[in-house]
Amino acid sequence: MSIQSSVVFLPCSDIEATHRFYAEVMGLRLHQSQSGGLARIYDTGYGYWGFVEYKDGRPAALAGMTLSLNCQSCEDVDRMHALVLSRGAPEVQPPRMHERFAVYSSFVRDPDGRHVELQYIME
């Protein structure tokens, strides 16, 4: 028995808006669509993020939740940040060195208010 990969599933309020953000704005590849498109899984390059539209009133985003995508350099963070802004991502924070960690990063917001971080880990 072995583990092939992992998927983190998160609720969302509008699967179509979530798909546009993660596929068209962030540029993640749609790996799989399930349940007539109400669940969609995206390839982050190191694992998968799944989003599911529920109709039972559960909150889509938890306060303080951040999804991080790792870049290969500070310059890649800058380029990706500019690209996703040009595609309509709402900016939370422009690229800069983190105050507490050896990380250069920027933040944008997804349709449910989650922060999506583009980061380069310096250590």
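Student: Why is Phe-21 called buried?

Tutor: In this predicted model, Phe-21 has a relative accessibility of 6%, and because buried means under 20% relative accessible area, Phe-21 counts as buried.

Student: What makes Tyr-22 buried?

Tutor: The relative accessible area of Tyr-22 is 0%, which is under the 20% cut-off, so Tyr-22 is called buried.

Student: Why is the pair of Tyr-22 and Phe-51 called stacked?

Tutor: The ring centres of Tyr-22 and Phe-51 lie 4.5 Å apart with the planes at 20 degrees, and because a pair needs centres within 6.5 Å and stacking needs planes under 30 degrees apart, the pair is stacked. Both residues, Tyr-22 and Phe-51, are buried.

Student: What does the pair of Tyr-22 and Phe-51 tie together?

Tutor: Tyr-22 belongs to helix H1 (residues 15–25) and Phe-51 to strand S4 (residues 48–53), so the pair joins parts that are 29 residues apart in sequence.

Student: How many aromatic pairs are found in the whole structure, and what makes the one between Phe-21 and Tyr-22 edge-to-face?

Tutor: The search of the whole structure finds 5 aromatic pairs. One of them joins Phe-21 and Tyr-22, with 4.8 Å centre to centre and 85 degrees between the planes; because planes over 60 degrees apart count as edge-to-face, that is the name given to this pair.

Student: Which residues do ring pairs link into a cluster?

Tutor: The cluster linked by ring pairs consists of Phe-21, Tyr-22, Tyr-42, Trp-49 and Phe-51.

Student: How do you know that the span of helix H2 is close to the expected one?

Tutor: Helix H2 (residues 74–86) has 13 residues and reaches 19 Å from its first C-alpha to its last, which is close to the 18 Å expected at 1.5 Å a residue.

Student: Which residues of H2 are buried, and why are they said to line one face of the helix?

Tutor: The buried residues in H2 are Cys-74, Asp-76, Val-77, His-81 and Val-84. Seen down the axis of H2, its buried residues fall within an arc of 150 degrees, so they line one face of the helix. In general, an α-helix has 3.6 residues a turn, so residues three or four places apart point the same way.

Student: What do the buried residues of H2 pack against, and which exposed residues does the face turned away carry?

Tutor: The buried residues of H2 pack against H1 and against the strands S6 (91–97), S7 (103–109) and S8 (115–121), whereas the face turned away from the buried side carries the exposed residues Arg-79 and Ser-86.

Student: Why is Arg-87 called partly exposed, and where does it lie?

Tutor: Arg-87 has a relative accessible area of 39%, and because buried means under 20% and exposed means over 50%, with partly exposed in between, Arg-87 is partly exposed. Arg-87 lies in the loop between H2 and S6, and, leaving aside residues up to four places away in sequence, Arg-87 touches Glu-24, Val-25, Met-26 and Gly-27. Also just after H2, Gly-88 takes a positive phi of about 105 degrees.

Student: How do you know that the radius of gyration of the chain agrees with that of a compact globule?

Tutor: With 123 residues, a compact globule would have a radius of gyration near 14 Å, and the chain has 15 Å, which agrees. The chain holds 2 helices and 8 strands, and buried residues make up 41% of its 123 residues.

Notes: Residues are numbered from 1 along each chain as its sequence is written. This is a predicted model: local features need pLDDT of at least 70, side-chain atom pairs count only at pLDDT 80 or more; totals for chains, interfaces and linings use all residues. Side-chain values use heavy atoms; hydrogens and water are left out. Rings of Phe, Tyr and Trp (its six-membered ring) pair if their centres lie within 6.5 Å; planes under 30 degrees apart count as stacked, over 60 as edge-to-face and the rest as tilted. Buried means under 20% relative accessible area, exposed over 50%, partly exposed in between (1.4 Å probe, protein chains only). Helices (H or I, at least four residues) and strands (E, at least two) are DSSP runs, numbered from the N terminus. The expected span of a helix is 1.5 Å times one less than its number of residues. The arc is that of the directions from the helix axis to the C-beta atoms. Contact means heavy atoms within 4.5 Å. The radius of gyration is taken over C-alpha atoms; the globule rule is 2.2 Å times the number of residues to the power 0.38.
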